[in-house]
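Let's take a walk through this one, starting with the charged pairs and moving on to the packing and the backbone.

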There are 2 protein chains.
Amino acid sequence: MQIKVIKNILSLNDAVATRIRQNMDGRSLTLLNLLASPGGGKTTFILALARRLAGQLRIGVIEGDLASSVDADKVAAAGLPVVQINTEGGCHLEARQVEKALPQLPLDDIDLLIVENVGNLVCTASYDLGEDLRVVLSSVPEGHDKPYKYPKIFHNLDAVIVTKTDLTPYIDYDLDEFKTAIRSINQDVPILPISATKGDGMDAVCDWLLGKLRSRPPSKGL
Amino acid sequence: MQIKVIKNILSLNDAVATRIRQNMDGRSLTLLNLLASPGGGKTTFILALARRLAGQLRIGVIEGDLASSVDADKVAAAGLPVVQINTEGGCHLEARQVEKALPQLPLDDIDLLIVENVGNLVCTASYDLGEDLRVVLSSVPEGHDKPYKYPKIFHNLDAVIVTKTDLTPYIDYDLDEFKTAIRSINQDVPILPISATKGDGMDAVCDWLLGKLRSRPPSKGL
């Protein structure tokens with residue numbers, strides 16, 4: 001009974017995700033679903049990306065949180081168009097919530113729309129939001145064993161970004177162990193380590209991302 | 001429909017949790033439900049507690065993870081009795097899983113049984129496991145704003161333990177801001193900062209915990 005209901009919810013969600021993709025087909029906008037644990041560094045990453053690609057790429061954001069507008073306030077303060085979704089207890093975003101948020105954004109003026117999902121390494125993995133790219137952040141202080149413990153989220157994604165690498169000297173963390181754990185689940189996914197606060201690795205992330213956009217933005221400086 | 005099914009699941013869970021409490025009533029064992037984000041420091045905390053209270057308190061552990069026995073292996077290597085529950089994708093532990101694990105442990109030889117829940121700040125909050133104590137760990141690298149974004153888990157609990165305080169010098173984290181955020185939700189819950197790896201704050205946590213046990217253990221050195 002429980003399983004049947006969950007299957008129904010997922011197939012309803014998939015139908016809305018498909019509709020989002022169809023509606024986006026005429027646009028040059030790229031939709032990115034950003035997943036991580038609570039405190040994995042999602043908002044800090046978005047703000048670092050926006051600073052780095054200012055003048056080159058127009059970024060918009062949909063913020064998903066159980067409650068509050070803490071993240072949306074930070075993103076708005078950086079001058080990015082943003083919509084906050086409060087799930088009111090819900091443990092993940094669903095496609096219907098994203099579909100409802102889209103008309104509230106100036107879609108013609110956005111090249112990359114980042115959906116910052118609820119901080120959750122489990123439930124978010126099952127819900128397609130109609131995205132073009134699915135990126136998981138895994139922070140150094142969470143430890144290098146997370147892929148073994150939360151395998152599903154690392155199966156079906158476009159990149160793993162290892163955040164907060166500036167904390168490595170102070171923590172028992174081994175990036176090679178993390179890569180081994182990822183490769184036990186996923187042979188091909190790019191693994192990109194960064195420190196969003198220090199800037200390390202951000203060039204590689206920007207290069208990867210710019211190569212994945214639906215339409216190439218003008219080269220820097222134009 | 002979805003809401004009704006979820007209500008049914010929760011009331012079934014509550015019935016099992018009540019049965020666990022009834023069965024534990026004749027015992028001196030204290031059951032502790034330990035909640036945190038992925039990588040919040042749950043296993044490191046358990047191991048630090050076991051080292052500190054060795055010879056004074058007999059600790060057993062039930063490990064909850066989607067997959068793997070990474071944590072149970074660590075706990076077993078420290079000589080503690082442990083059972084691993086794999087939820088196979090499930091985002092939280094349920095009382096029925098704990099009830100099934102209990103007979104696999106030497107309950108007569110355990111004073112404190114810690115259930116390390118799945119790393120998840122959302123779904124775990126809704127499931128009573130028949131515990132005597134509910135403790136949430138919130139790690140410094142997750143940031144001081146988490147209570148605003150995941151309020152439910154901070155409503156109904158016996159203590160908040162702030163972990164990884166040794167990382168504070170390297171992170172934009174303000175413990176006073178965290179306390180303010182907690183107090184906006186919960187006026188009374190004790191807030192105990194620790195570094196499990198360095199030992200800071202562990203005395204206060206042990207004192208708090210020993211005062212909350214169903215039966216007082218013999219004083220240290222006996």
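Start with A:Asp71, which makes a salt bridge with B:Lys149, the closest N and O atoms being 2.7 Å apart. Keep in mind that this is a predicted model. The pair crosses between chains: A:Asp71 sits in helix 3 (residues 70-77) of chain A, and B:Lys149 sits in helix 5 (residues 146-149) of chain B. Are these two residues buried or exposed? Both A:Asp71 and B:Lys149 are buried.

Look at A:Lys149 and B:Asp71 as well, whose side chains meet in a salt bridge with an N to O distance of 2.7 Å.

## Around B:Asp145

Next up is A:Lys74, whose side chain meets that of B:Asp145 in a salt bridge, 3.7 Å from N to O. This pair joins two chains, because A:Lys74 lies in helix 3 of chain A while B:Asp145 lies in the loop between strand 5 (133-139) and helix 5 of chain B. With a relative accessibility of 41%, A:Lys74 counts as partly exposed, whereas B:Asp145 is buried at a relative accessible area of 11%.

B:Asp145 has another partner in B:Lys146, and here the N to O distance of the salt bridge is 2.6 Å. B:Lys146 is buried too, with a relative accessible area of 3%. As a general point, side chains of opposite charge can pair when their charged atoms come close.

## The interface as a whole

Step back and the contact between the chains takes 35 residues from chain A and 35 residues from chain B. Together, chain A and chain B bury about 2700 Å², with 67% of that on carbon and sulfur atoms. How many salt bridges are found across the interface of chain A and chain B? There are four.

Over all chains, a search of the whole structure turns up 24 salt bridges. Chain A also has a network of them, linking A:Asp25, A:Asp132 and A:Arg214.

Now for some packing in chain A. Helix 2 (residues 42-52) of chain A packs against helix 7 (residues 202-210) of chain A at an angle of about 80°, and their axes are 11 Å apart. Why call helix 2 of chain A and helix 7 of chain A roughly perpendicular? Angles from 65 to 115 degrees count as roughly perpendicular, so the pair gets that label.

On the helix 2 side of chain A, the contact is made by A:Phe45, A:Ala48, A:Leu49 and A:Arg52. Helix 7 of chain A brings A:Met202, A:Asp203, A:Val205, A:Cys206 and A:Leu209. Sorted by class, the contact of helix 2 with helix 7 of chain A has seven nonpolar residues, two charged ones and no polar ones.

Most residues other than glycine have a negative phi, and most peptide bonds are trans. Against that background, have a look at A:Ser68, a residue other than glycine with a positive phi near 75°. A:Ser68 lies in the loop between strand 2 (59-65) and helix 3 of chain A.

A:Glu88 is not a glycine, yet has a positive phi of about 50°. Where does A:Glu88 lie? You'll find A:Glu88 in the loop between strand 3 (82-86) and helix 4 (95-101) of chain A. A:Glu88 is exposed, with a relative accessible area of 72%.

Notes: Residues are numbered from 1 along each chain as its sequence is written. Chains are lettered from A and ligands numbered from 1 in the order in which they are written. This is a predicted model: local features need pLDDT of at least 70, side-chain atom pairs count only at pLDDT 80 or more; totals for chains, interfaces and linings use all residues. Side-chain values use heavy atoms; hydrogens and water are left out. Axes are lines fitted to C-alpha atoms, for helices over the stretch in contact, and angles run from 0 to 180 degrees between N-to-C directions. Helices (H or I, at least four residues) and strands (E, at least two) are DSSP runs, numbered from the N terminus. Angles under 35 degrees count as roughly parallel, over 145 as roughly antiparallel, 65 to 115 as roughly perpendicular and the rest as oblique. Contact means heavy atoms within 4.5 Å. Ala, Val, Leu, Ile, Met, Phe, Trp, Tyr, Cys and Pro count as nonpolar, Asp, Glu, Lys and Arg as charged, and the others, Gly among them, as polar. Buried means under 20% relative accessible area, exposed over 50%, partly exposed in between (1.4 Å probe, protein chains only). Buried area is the accessible area (1.4 Å probe) that two parts lose on being put together, summed over both.
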